[in-house]
Amino acid sequence: MAIEQPIVKLLNIRKDFGEKEVLRKIDLQIHQGDFIAIVGKSGCGKSTLLRILAGLEAPTSGRLLVNGEEWRGRNRLAKIMFQDGRLLPWKNVYDNVAIGLKEESQKQQIEQILQQVGLGDRLHSWPSELSGGQKQRVALARALIHEPKLLLLDEPLGALDALTRIEMHELIEKLWKEKQLTAILVTHDVEEAVALANRVVIIEEGRIALEVPVRLPYPRHRDHPLFMKLVNQILNKILGNKRMTVESNSNLPAVESQ
Amino acid sequence: MKWKTKILPWVIPIGLLLTWQVSASIGILSTRVLPNPLDIVSAATNLTKSGQLPADVWTSTKRAFVGFLIGGGLGFLLGLVNGISKISEKLLDSSIQMIRNIPHLALLPIVILWFGIGEEAKLFLVALGTFFPIYLNTYHGIRSVDPSLIEMAYVYELKGFSLFWHVIFPAALPSILVGVRFALGITWVTLIVAETIAADSGIGYMAMNAREFMQLDVVVLSILLYALLGKLSDMIAKIAEKRLIKWHPSHQNE
């Protein structure tokens with residue numbers, strides 16, 4: 001793992017939405033070449049954390065350091081790949097990847113990068129003609145062509161079927177290695193996290209409950225005993241706490257608060 | 001099977017036309033109620049030869065086009081500005097909504113008092129009638145652009161005009177085009193009323209003039225001309241829609 005200065009550092013990050021505390025005290029360091037997976041139940045604040053890293057939300061308090069300097073507003077080093085892809089339906093595959101490119105030299109790479117994600121023959125297709133997995137490949141190409149220092153993946157495979165997901169895991173792993181990316185993946189799929197990440201961060205009620213380093217060699221095989229053991233460990237951590245919260249909730253009056 | 005589906009929609013119109021012709025020829029249908037189709041065709045050829053028909057059709061088409069351009073253009077611009085700027089929306093939108101409640105054809109008497117029966121009267125009414133559907137649909141189209149796409153554009157550093165051109169305008173376009181088709185319908189209805197009541201040229205004037213001389217075939221011809229022109233402009237709008245939003249799933253596999 002990397003030894004130099006972290007490229008992104010979160011110090012004591014806290015985020016409230018009105019009365020609701022979403023993130024309470026997050027400290028996290030991201031080094032060059034890291035692949036960090038953030039897992040947790042829905043509503044635990046993991047997507048908010050990613051949005052803070054992208055600069056789409058401002059933290060209520062705490063500091064975000066990028067290359068050692070305090071950062072406010074949109075994080076230009078980061079590109080985010082959204083769960084729903086967010087392709088522009090009125091632009092074909094090629095033009096969707098070309099969005100926001102200012103230099104001619106980058107435009108010349110569009111075909112190459114689409115080939116890398118396996119869509120070299122679909123340059124002129126409309127997004128509505130693509131399958132869910134193909135759309136996400138376009139979204140991935142669009143993020144990668146900017147050569148982001150930090151690739152943020154917000155449950156990018158959540159809506160895909162299991163087979164397509166495994167294909168996408170292989171693709172993401174391959175590109176991460178080839179391009180020496182630094183990536184942060186938010187997911188609710190623990191197997192996905194263990195298959196891809198070198199560090200799994202478990203978030204619970206707005207705090208980091210556990211950080212688990214994953215030292216298995218790539219490509220990772222799901223039938224490896226250590227793989228299964230790690231997955232179970234992480235699942236137990238997440239679910240075990242869920243059981244406790246269910247019990248403590250049952251003592252509360254039967255009023256649902258939003 | 002294919003020729004059947006092609007022919008089927010035409011069976012009833014052609015049948016009606018034939019029944020009309022036959023019942024007029026054998027005298028069941030009095031020519032004082034409806035002239036027979038062949039008479040209408042000959043009226044059309046005569047009027048075309050004399051040059052009156054092309055002149056009147058051209059006058060009406062020009063009025064429709066110019067009035068639509070003025071009203072639609074203003075509606076589009078204001079819809080755009082109010083869709084994008086909160087301040088402008090607060091300043092203008094409620095006033096526009098108030099004026100919208102006045103049926104524009106109800107202004108006909110006052111418009112005649114202002115402009116007489118000159119060109120301005122017709123252009124004013126057409127412009128007023130087409131302004132609102134285009135304004136409303138442009139404004140609504142821009143307001144309902146998916147905020148998640150705007151956020152995506154923010155991540156990819158699109159700003160100002162390029163944000164508008166690549167994201168906001170194409171997203172609003174389907175709604176704007178609905179407004180255009182709606183406005184085209186209103187254009188012709190407005191012209192029919194305005195030309196019938198206050199005009200000295202145009203298709204409506206031709207019809208009223210023919211009524212004076214009991215030329216029933218010319219009256220029916222005028223009505224058919226309006227129908228034809230309305231259909232024609234709707235077809236043009238449909239083709240434009242197909243070309244402009246060919247990315248839309250409803251226009252694929254065609």
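Tutor: A salt bridge is a side-chain nitrogen of Lys or Arg within 4 Å of a carboxyl oxygen of Asp or Glu. This is a predicted model, in which local features need pLDDT of at least 70 and side-chain atom pairs count only at pLDDT 80 or more, while totals for chains, interfaces and linings use all residues. Residues are numbered from 1 along each chain as its sequence is written, and side-chain values use heavy atoms, with hydrogens and water left out.

Student: With which residue does A:R51 form a salt bridge?

Tutor: The count between chain B and chain A is four salt bridges. In the one formed by A:R51, the closest N and O atoms are 2.5 Å apart. The partner is B:E151.

Student: Which helix supplies the largest share of the side of chain B that touches chain A?

Tutor: Contact means heavy atoms within 4.5 Å, and 18 residues from chain B and 24 residues from chain A take part. Helices are DSSP runs (H or I, at least four residues), numbered from the N terminus. Helix 7 (147–155) and helix 8 (160–197) of chain B each supply at least two residues of that side. The largest share, six residues, comes from helix 7.

Student: Is B:T59 buried or exposed?

Tutor: B:T59 lies in helix 3 (residues 52–84) of chain B and touches B:S201 and B:G202, residues up to four places away in sequence not being counted. Buried means under 20% relative accessible area and exposed over 50%, with partly exposed in between (1.4 Å probe, protein chains only). Because its relative accessible area is 18%, B:T59 is buried.

Note on methods
Chains are lettered from A and ligands numbered from 1 in the order in which they are written.
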